[in-house]
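This report describes a two-chain structure for readers who have the sequence and coordinates at hand. It begins with the contact between the chains, then takes the fold and the sheets in turn.

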2 protein chains.
Amino acid sequence: MTTRPRILVTNDDGIYAEGLAALRDALAEVGAVTVVAPERPRSASGHAITLHKPLRIETVRIPWGGEGCAVNGTPSDCVVLGIFAIMGGRCDVVVSGINLGPNLGEDLTYSGTVSAAMEGAICGKPAIAVSVADYERPDYGPAARFTARLVARVLAEGLPRDTLLNVNVPNLPEAEILGVEITRQGKRRYEGRVERRQDPRGRDYYWLGGEIIEDIAGAGSDGDAIMQGKISITPLHLDLTSHAFAKTLKGWALR
Amino acid sequence: MTTRPRILVTNDDGIYAEGLAALRDALAEVGAVTVVAPERPRSASGHAITLHKPLRIETVRIPWGGEGCAVNGTPSDCVVLGIFAIMGGRCDVVVSGINLGPNLGEDLTYSGTVSAAMEGAICGKPAIAVSVADYERPDYGPAARFTARLVARVLAEGLPRDTLLNVNVPNLPEAEILGVEITRQGKRRYEGRVERRQDPRGRDYYWLGGEIIEDIAGAGSDGDAIMQGKISITPLHLDLTSHAFAKTLKGWALR
């Protein structure tokens with residue numbers, strides 16, 4: 001008798017997000033799914049981990065069906081608790097998503113979705129982050145079904161240690177998706193990152209944000225694949241070292 | 001008449017931290033310093049940015065002397081507000097620290113200190129994160145004085161776009177520091193990442209953390225330099241792509 005693969009599903013849009021349920025349902029075809037997600041949306045939470053307060057795990061009913069574990073913490077917290085406190089370390093793959101909106105270029109350093117997958121990799125598990133590249137009317141079906149096929153493949157082939165996959169799926173019907181491209185992380189530039197307003201009492205306050213002014217995608221980048229209607233898979237690792245600049249820096253002979 | 005370099009100083013230990021004031025005082029020899037830091041400690045906040053609530057900037061007195069801008073947000077928020085709302089875009093270098101405790105290996109992906117420098121790089125500025133590798137009785141003096149020399153050099157030479165420096169300084173008197181090493185990001189492994197306890201009402205709660213069981217430093221890594229009593233400078237970039245694994249992944253011919 002073979003045991004089914006054990007899959008931890010999490011996200012950063014929170015336990016009640018539709019994308020999480022769509023992912024869970026598709027992955028139920030591949031293995032036994034455990035859902036552990038933040039009790040509320042934690043978008044743009046980056047790779048934060050909660051060290052200064054105790055965490056709680058609560059089993060909740062999910063409006064899209066079934067139950068899951070809600071955690072009063074970040075996506076990374078959910079991964080650590082999921083693997084070690086809930087699954088007893090017996091986890092074969094971590095899948096994070098399906099995020100509402102793309103995670104491309106430098107944006108992925110802010111992304112709770114990608115950070116959850118990074119945490120999976122740090123915990124020694126193969127890990128995948130999945131996003132639908134649309135904020136308005138996402139259809140999670142194509143992304144969920146593709147991820148199920150990808151997870152089955154990752155379970156069969158494995159991933160190198162400290163490596164994760166960042167998947168972005170265009171918001172198109174399956175028949176209109178023009179294939180899968182293995183990409184590199186692209187670059188984006190923003191403008192007007194800060195907007196100043198005044199409250200009714202005349203005090204300033206600020207909103208962060210900014211419009212993308214340039215998708216410096218270039219051939220082979222994640223953003224370029226999405227613009228072409230393809231699924232983008234960027235393999236990521238945890239080593240941020242700029243080996244290129246290290247050589248120059250050695251020449252500075254700092255003291 | 002030459003203008004003095006404009007330096008933005010921030011951190012993740014909060015505006016009242018001693019390490020922030022030590023850094024500011026040392027950098028005052030190099031240029032005009034603007035201090036913008038979180039109103040409270042934001043350690044392990046990762047590269048989070050605040051998109052869902054308005055931010056406030058308040059000028060506060062710093063107990064170590066002088067004034068600074070306190071922000072109700074993350075270190076990354078402080079960098080964006082500092083550069084664009086407070087300095088009007090006229091910022092020559094972003095320096096984050098001095099952090100209480102090391103930022104080595106995979107830990108730097110959680111680090112608010114390093115994330116603030118990443119945000120500086122995303123905003124197109126040279127950026128440096130500085131940490132003292134000790135939690136107990138840090139002496140910020142050697143790290144502050146070294147950083148002042150490093151910042152002067154960075155202002156003279158520049159850094160490549162999208163590149164930042166992660167500096168860790170051993171907690172030793174200057175005479176005992178055995179030089180400067182240009183390093184790569186190392187690896188650390190933890191054990192016992194989750195501790196379960198029961199509250200007085202018998203409900204479970206959890207603390208995250210865990211002891212470092214292995215500093216898989218190896219020659220040339222950040223952790224190895226610190227263990228040898230050297231200052232570690234790791235050049236980092238924002239591109240997380242694992243180009244090595246991309247080749248294998250292309251061979252999977254995914255659909």
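## Contact between the chains

The contact draws 57 residues from chain B and 56 residues from chain A; two residues are in contact if their C-beta atoms, placed from the backbone, lie within 7 Å. On the side of chain B that touches chain A, at least two residues each come from helix H2 (75-86), helix H3 (112-122), helix H4 (140-157), strand S8 (180-182), strand S10 (194-198), strand S11 (204-208), strand S13 (231-237) and helix H6 (243-250) of chain B. Helices (H or I, at least four residues) and strands (E, at least two) are DSSP runs, numbered from the N terminus. The residues of this side of chain B divide into 32 nonpolar, 14 polar and 11 charged. Here Ala, Val, Leu, Ile, Met, Phe, Trp, Tyr, Cys and Pro count as nonpolar, Asp, Glu, Lys and Arg as charged, and the others, Gly among them, as polar.

The model is predicted: local features need pLDDT of at least 70, side-chain atom pairs count only at pLDDT 80 or more, and totals for chains, interfaces and linings use all residues. Residues are numbered from 1 along each chain as its sequence is written, while chains are lettered from A and ligands numbered from 1 in the order in which they are written.

## Chain A as a whole

Chain A contains 6 helices and 13 strands. Its C-alpha trace spans about 60 × 50 × 50 Å along the principal axes.

Of the 255 residues in chain A, 55% are buried. A residue is buried if 20 or more other C-beta atoms lie within 10 Å of its own, exposed if 12 or fewer, and partly exposed in between, with C-beta atoms placed from the backbone. Among contacts in chain A between residues at least 6 apart in sequence, 76% join residues at least 24 apart.

## The sheets

In chain A, 9 strands form an open sheet with mixed pairing, in the order S3-S4-S2-S1-S5-S6-S7-S13-S8. Strand S3 (57-61) and strand S8 (180-182) of chain A are the edges; each has a single partner strand, so one side of each is left without a neighbour in the sheet. The twist averages 25° from one strand to the next. Two strands pair if DSSP finds at least two bridges between them. Within S2(A), Val33(A) stands opposite Ile7(A). Helix H6(B) packs on this sheet, touching strand S7 (163-169), S8 and strand S13 (231-237) of chain A, and its direction makes about 140° with that of S13(A). Axes are lines fitted to C-alpha atoms, for helices over the stretch in contact, and angles run from 0 to 180 degrees between N-to-C directions.

Chain B also has an open sheet of 9 strands with mixed pairing, ordered S3-S4-S2-S1-S5-S6-S7-S13-S8. Its edge strands are S3 (57-61) and S8 of chain B, each pairing on one side only. The twist averages 25° from one strand to the next. In S6(B), Leu100(B) has Val132(B) as its bridge partner. Helix H6 (residues 243-250) of chain A packs on this sheet and touches strand S7 (163-169), S8 and S13 of chain B, at about 140° to the direction of S13(B).

| Strand pair | Bridges | Direction |
|---|---|---|
| S1(A) and S2(A) | 4 bridges | parallel |
| S5(B) and S6(B) | 5 bridges | parallel |
| S10(A) and S11(A) | 5 bridges | antiparallel |
| S10(B) and S11(B) | 5 bridges | antiparallel |

The hairpin of S10(A) and S11(A) has 5 residues between the strands, and Gly202(A) takes a positive phi near 85° there. The bridge partner of Arg197(A) in S11(A) is Tyr205(A). In chain B, Gln198(B) has Asp204(B) as its bridge partner in S11(B).

Not counting residues up to four places away in sequence, Ile128(A) touches residues including Val95(A), Ala117(A), Leu150(A) and Val167(A).

Arg137(A) lies in the loop between strand S6 (127-132) and helix H4 (140-157) of chain A. Arg137(A) counts as exposed because it has 7 C-beta neighbours inside 10 Å.
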